[in-house]
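Welcome, and thanks for taking a look at this one with us.

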Amino acid sequence: MQAWQVHENGEPSEVMRLEEVERPVPGEGQILLKVRAANINFPDALLCKGQYQIRPPLPFTPGVEICGETEDGRRVIANPALPHGGLAEYALADARTLLPAPESLDDAETAALHIGYQTGWFGLHQRAHLQEGETLLVHAAAGGVGSAAVQLGKAAGARVIGVVGGPEKAKVAQELGCDVVIDRRGEDVIAAVKEATGGRGADVVYDPVGGDAYTQSAKTVAFEGRIVVVGFASGTIPAPALNHALVKNYSILGLHWGLYATKNPKLIGRCHQELTELAARGAIKPLVSERVDLTDAAAAVQRVADGVTTGRVVVIPGLGARTEGATA
């Protein structure tokens with residue numbers, strides 16, 4: 001089978017190699033899945049660079065989120081078991097953690113439903129307890145993680161303010177349903193949020209960026225507001241001034257979604273059921289901006305690493321052959 005292999009750490013476009021390898025053999029409790037679609041996540045880039053909290057043995061195949069097919073033909077959602085990740089024709093997964101693919105979504109959309117939307121659901125509901133009518137501020141609102149939070153916020157009845165970088169991403173955020181869109185490249189984010197909220201600020205801030213975005217979060221969060229720290233796509237981990245949180249009465253909430261798999265796995269199943277219902281009624285739908293063939297995966301991972309994509313980029317093995325067949 002074909003699989004992307006990383007033999008040394010570095011930039012994805014430089015260290016990922018498409019190779020012919022043997023199909024992985026399932027270990028105890030594992031299952032072999034045919035990869036129907038693999039969603040690219042920022043952690044895939046970090047894995048290539050050796051900067052993720054998990055460091056699989058070299059060589060390994062990136063790809064932490066897929067829509068796969070079981071031997072009996074069932075479509076499922078899975079987080080592949082590294083080092084046999086999803087940027088390949090076949091991957092391994094823990095059989096106990098498989099989730100049914102929603103019938104309302106195609107393979108690419110299904111592959112993009114799990115990590116980003118589960119993170120958003122846990123962040124907004126389990127951690128921040130977002131309420132109907134509250135104001136939600138989402139950083140990187142046109143990105144893969146941010147776009148999921150925007151849709152989930154709107155589904156919860158919140159007023160959503162999206163912060164983006166550039167006019168193209170602003171257009172995407174508007175189409176996602178943001179009530180207010182702020183282009184950080186041409187606007188003062190702090191002033192714009194205060195204007196949009198009558199000086200009150202946002203009840204919940206969803207921050208997958210860190211760095212300057214966190215500084216803006218602390219200055220725009222409302223009295224008794226909640227800042228959900230999701231990640232550090234900017235590459236800069238902020239050092240919060242706790243005296244500021246004290247005098248302004250706001251909460252800083254960390255979110256490591258992966259911990260729920262061991263600490264409270266039942267919640268993951270409950271969340272998936274709710275996401276499936278939301279997808280069925282059209283309240284959420286993963287924004288798949290690009291569908292690329294397996295042969296183009298390294299370049300796609302690099303684009304995600306560079307922060308130049310909107311929504312989700314999904315790899316579909318055999319897409320090129322299908323496209324050629326359709327146009328022949």
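Contact here means heavy atoms within 4.5 Å. With that in mind, glutamine 302 is in contact with Glu11, Pro12 and Ser13, leaving aside its neighbours within four places in sequence. This is a predicted model, in which local features need pLDDT of at least 70 and side-chain atom pairs count only at pLDDT 80 or more, while totals for chains, interfaces and linings use all residues. Residues are numbered from 1 along each chain as its sequence is written, and side-chain values use heavy atoms, with hydrogens and water left out.

- Glutamine 302 sits in helix H12 (residues 297-306); helices (H or I, at least four residues) and strands (E, at least two) are DSSP runs, numbered from the N terminus.
- Glutamine 302 counts as buried because its relative accessibility is 11%; buried means under 20% relative accessible area, exposed over 50%, and partly exposed in between (1.4 Å probe, protein chains only).
- Serine 104 belongs to the loop between strand E7 (99-100) and helix H3 (107-111).
- With a relative accessible area of 38%, serine 104 is partly exposed.
- Not counting residues up to four places away in sequence, serine 104 touches Glu109, Ala279 and Ala280.
- Serine 104 and leucine 278 are 174 residues apart along the chain, and their C-alpha atoms are separated by 10.0 Å.

**The sheet and the helices on it**

- An open sheet is formed by 6 strands in the order E10-E9-E8-E11-E12-E13, with parallel pairing; two strands pair if DSSP finds at least two bridges between them.
- Strand E10 (180-183) and strand E13 (251-254) are the edge strands, each pairing on one side only.
- From one strand to the next, the twist averages 20°; axes are lines fitted to C-alpha atoms, for helices over the stretch in contact, and angles run from 0 to 180 degrees between N-to-C directions.
- Strand E8 (residues 135-139) and strand E11 (residues 202-207) run parallel and are joined by 3 bridges, and leucine 136 stands opposite valine 204 in E11.
- Helix H4 (residues 114-127) packs on the sheet, where it touches E8, E11, strand E12 (221-229) and E13, and its direction makes about 150° with that of E11.
- H5 lies across E8, strand E9 (159-164) and E11, and runs at about 170° to E8.

- The buried residues of H5 include Gly144, Ala148, Val150 and Leu152.
- Just after H5, glycine 157 takes a positive phi of about 85°.

**Helices H7 and H8**

- Helix H7 (residues 189-196) packs against helix H8 (residues 212-220) at an angle of about 30°, with axes 9 Å apart.
- In this contact, Val189, Ile190, Val193 and Lys194 of H7 meet Gln216, Lys219 and Thr220 of H8.
- The residues of the contact of H7 with H8 divide into 3 nonpolar, 2 polar and 2 charged; Ala, Val, Leu, Ile, Met, Phe, Trp, Tyr, Cys and Pro count as nonpolar, Asp, Glu, Lys and Arg as charged, and the others, Gly among them, as polar.

**Helix H2**

- Asp44, Ala45, Leu46, Leu47 and Cys48 are the buried residues of helix H2 (residues 42-49).
- Their cover includes strand E1 (2-6), helix H1 (12-15), strand E2 (16-20), strand E3 (30-39) and H12.
- Glycine 50 follows H2 and has a positive phi, near 75°.
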